[in-house]
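Reader: Hi! Could you walk me through some charged pairs here? I'd like to ask things as we go.

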Amino acid sequence: MFKKVAILLACLVSFGFATGTDGNKTEAINLNVIKNIKVAHKMSDLSKSCVECHSEKTPGIVADWKNSRHAHVGVSCMDCHSVAADSPMASVKVHPKDSNNHVSMLVSPKTCAKCHENEVDEFTKSGHARGAMQMYANPAIVKLMYHYEGADHPDFKMAPDATGCTQCHGTVIKLDADHKPTKETWPNYGIGNVYPDGGIGGCKSCHSSHTFNIAEARKPAACASCHLGPDHPDIEIFNNSMHGHIFNAEGNTWKYDSAPDTWDVPDFRAPTCATCHMSGVGETTTTHNVSQRLKWNLWAPRSELRTKGYEQAAYDYWKTGKLNTGTPLAGNPQGPEAARAEMKLVCKTCHTITHTDNFFAMGDKQVQLYNVYYDEAKKMLDDLKAKNLLLEDAWEDEFQDVFYHLWHHEGRRMRQGALMGGPDYSHWHGVFEVKNDIRKLRKIYKERIESGKAH
């Protein structure tokens, strides 16, 4: 509605200028006295030299840049990679050799914010910004990566993190003596990278460098490289849904390059990930806070309402070494119901109010049903722990292993499948498996309580 009013007002204003009316006069305005706006997009000699050299050394990068919007508006290599000599990311030696210029192969969100300030600010208020520090602030995850998976091997223990976790979550990027990123921390496409200059985020996770294509980021593939698999099979859930069915049937014919806040039906017939979580569809406006329209936290062991504001606990941990677990969950500043109301505005573009209300009502009940299962499992876990009936190694302990899968795999699928319209994941891969898990846990619990031994 707001967009339609704005467009109508713009048309009325334009009409007024075109006719030159003020209520009394009817003569047309003299357009010849209006000055033309002229913008010159020119590259510096230094930027030109970068393009010429890298056209030979890294032609793929230059080709991507030439086809990008950045190149069309005159944003070149130096605008992103040139840094001050005293920057913590500055190369030790000047580059090129005959200049006084320092560069960094790293491009922090702080650099992107010079032009995209609002987008970076919105991102820092989202759950995505928590990606890297969510791992490193959790001793259990650190131990899993380096001790259990990495076998504490002096040469190889970093490999599971560098090739796996980091590539989605991000990491704390570290530099060697020459100020080049270390092999353990780069390259990676993690969404929550912490850069040496303090920037947090991973713009290229969705907008791959060096094209940074808006159309690419609007397609499900941009999210699918991380949101997949047994623990959060979001792309599989999407494909299982009616939305995914329509996309897979005809999505290659849709229009993806409309400007922000103008990408709307009939550019597409069904939503992609970006449509629901980020795009300015209908009465909504574009946001890079992917948590803003979320009512529940569906990835945690227990689903809680996303209270308000944004979660900065991970960032605080990085700065202070202390983890504040009481920080509100990333969500809508006005609270969980405001988040749901905004999401419903997206649905309203294609669905009736009854359709949308009924869908979310039953989806919420499935989430709350999961909480019933989880609460019972957690009560048994706490009781066994209090009675010293758990093994120290959680991965050798059948009870703890099943408990982990109940929430981290089956439970996530149950909840996410319900609220994303993926019936097979809500049921067979979800609640059906959670039901089996709770039965296993009850049996193990009973045996340990009766025997007084942790098997």
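Reader: What does Lys-344 form a salt bridge with?

Author: In this predicted model, Lys-344 pairs with Asp-357, and their closest N and O atoms are 2.8 Å apart.

Reader: Thanks! Is Lys-344 buried or partly exposed?

Author: Lys-344 is partly exposed, with a relative accessible area of 26%. Asp-357 counts as partly exposed too, at 31%.

Reader: Nice. And which residue does Lys-348 bridge to?

Author: That one goes to Glu-283, with the closest N and O atoms 3.1 Å apart. Lys-348 lies in helix 17 (residues 336–348) and Glu-283 in the loop between helix 15 (273–277) and helix 16 (313–320), so the bridge ties together parts 65 residues apart in sequence.

Reader: Where do Arg-448 and Asp-397 sit, and are they buried or exposed?

Author: Their side chains meet in a salt bridge at 3.0 Å, N to O. Arg-448 is in helix 20 (residues 423–451), while Asp-397 is in the loop between helix 18 and helix 19 (398–419), 51 residues away. Both residues are buried.

Reader: Which residues are linked in a network of salt bridges?

Author: Lys-295, Glu-337, Arg-340 and Asp-364 are linked that way.

Reader: And how many salt bridges does the count come to?

Author: The count comes to 19.

Reader: Switching topic: where is Gly-164 found?

Author: Gly-164 belongs to helix 10 (residues 159–169), and at 31% relative accessibility it counts as partly exposed. Its C-alpha atom is 9.9 Å from that of Gly-190, 26 residues apart along the chain.

Conventions
Residues numbered from 1 in each chain as written. Predicted model: local features only at pLDDT ≥ 70, side-chain atom pairs only at ≥ 80, totals over all residues. Heavy atoms only, no water. Helix = DSSP H or I, 4+ residues; strand = E, 2+ residues; numbered from the N terminus. Buried < 20%, exposed > 50% of the residue type's maximum accessible area, 1.4 Å probe, protein only. Salt bridge = Lys/Arg side-chain N within 4 Å of Asp/Glu carboxyl O.
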